[in-house]
Amino acid sequence: MSAPKGYRPPAGFLDLSPEDRIRMTLTNGGDSHFYSRFLKQCKLESVKSLGPKSTIVTFRCKADPYYSNFSGNLHGGMQSAIFDMLTSIAMQAIGKKDFWVNGGVSRVLNVSYLRPAPEGIEMLVECEVVHMGKTLALLQGRMKRADDGTIISTCEHNKVAVPAKPGFKL
């Protein structure tokens, strides 16, 4: 899929390393969107390329009390939102001119909740770009407790490439 007419990613964006493209995307959230608060405390842990259209990106974050439910655990809806955001950001590790420049939109996001994530714990979120085709992508995620690797939840995320809205900037 090609970028919308007139769209230009930031100068040099595609020349950056996968890690720097992800860092740039994480720090771009300084506005009033609901995800900005979460992204400010999310850190890139590692990027591992599995081929030209596949990668595993690991992020570190905390189960912020702001996103917790009444029982003091990270809310399931927030876990879904985290998977949606971070699997999409992981796609930035695969950069090609005019290829998935805006991360597309979700078609299906299935989340399986296995254990609670008590507020305050450190978590690792592994996001695997299984495949990115011309218009469809398959992503998977695993949210784990950072201290012992216990899986909290998993996801499968299907995306479709769509044109960006006019004026969209990475």
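This is a predicted model: local features need pLDDT of at least 70, side-chain atom pairs count only at pLDDT 80 or more; totals for chains, interfaces and linings use all residues.

Biologist: On to the core. Which residues of the largest nonpolar core touch the most other members?
Modeller: I22, L26, F38, F59, L74 and L86. That core holds 38 residues. Two or more of its residues come from each of α1 (18-27), α2 (35-40), β1 (43-51), β2 (54-62), α3 (76-90), β4 (122-132), β5 (136-145) and β6 (151-160).

Biologist: Which element gives the largest share?
Modeller: α3, with eight residues.

Biologist: Pick L74. What is it in contact with, leaving aside neighbours within four places in sequence?
Modeller: A63, Y67, S68, N69, Q79, I82, A117, M123 and M143.

Biologist: And α1? Which of its residues are buried?
Modeller: R21, I22, T25 and L26. They span an arc of only 135° around the axis, so they sit on the same side of α1. The cover over these buried residues includes α2, β1, β2 and α3.

Biologist: Switching to strands. How many residues of β2 are buried?
Modeller: Seven of its nine, so the strand is mostly covered.

Biologist: How does β2 run against β1?
Modeller: Antiparallel, with seven bridges joining the two. A hairpin links β1 to β2 through two residues. K48 stands opposite I56 in β2.

Biologist: How many bridges join β2 to β4?
Modeller: Eight, and that pair runs antiparallel too. Here V57 stands opposite C127 in β4.

Biologist: What about T58, buried or exposed?
Modeller: T58 counts as buried, at 10% relative accessibility. T58 is placed in strand β2. Not counting residues up to four places away in sequence, T58 touches K43, L44, E45, S46, L124, V125 and E126.

Biologist: Why does 10% count as buried?
Modeller: Because the cut-off for buried is under 20% relative accessible area. T58 at 10% falls under that.

Biologist: Charges next. How many salt bridges are there?
Modeller: The count comes to seven. One of them joins the side chains of R60 and E45, at 3.1 Å from N to O. R60 lies in strand β2 and E45 in strand β1, so this pair ties together parts 15 residues apart in sequence.

Biologist: Which other residue forms a salt bridge with R60?
Modeller: E122, with the closest N and O atoms 3.4 Å apart. E122 lies in strand β4 and R60 in strand β2, so the tie is between parts 62 residues apart in sequence. E122 is partly exposed at 31% relative accessibility.

Biologist: What does E128 pair with?
Modeller: R142, and the closest N and O atoms are 3.8 Å apart. E128 lies in strand β4 and R142 in strand β5, so the pair ties together parts that are 14 residues apart in sequence. E128 is buried, with a relative accessible area of 17%.

Biologist: Which residues are in the network with E128?
Modeller: E126, R142 and K144 join E128 in one network, through salt bridges that share partners.

Biologist: Last topic, I121. Where is it found?
Modeller: In the loop between β3 (105-113) and β4. I121 counts as partly exposed, at 23% relative accessibility.

Biologist: What does I121 touch, not counting residues up to four places away in sequence?
Modeller: C61, K62, A63, R145 and I152.

Biologist: How far apart are the C-alpha atoms of I121 and R145?
Modeller: They are separated by 7.2 Å. Along the chain, I121 and R145 are 24 residues apart.

Methods: Residues are numbered from 1 along each chain as its sequence is written. Side-chain values use heavy atoms; hydrogens and water are left out. A nonpolar core is a set of buried Ala, Val, Leu, Ile, Met, Phe, Trp, Tyr and Cys residues joined through side-chain atoms within 4.5 Å. Buried means under 20% relative accessible area, exposed over 50%, partly exposed in between (1.4 Å probe, protein chains only). Helices (H or I, at least four residues) and strands (E, at least two) are DSSP runs, numbered from the N terminus. Contact means heavy atoms within 4.5 Å. Two strands pair if DSSP finds at least two bridges between them. A salt bridge is a side-chain nitrogen of Lys or Arg within 4 Å of a carboxyl oxygen of Asp or Glu. The arc is that of the directions from the helix axis to the C-beta atoms.
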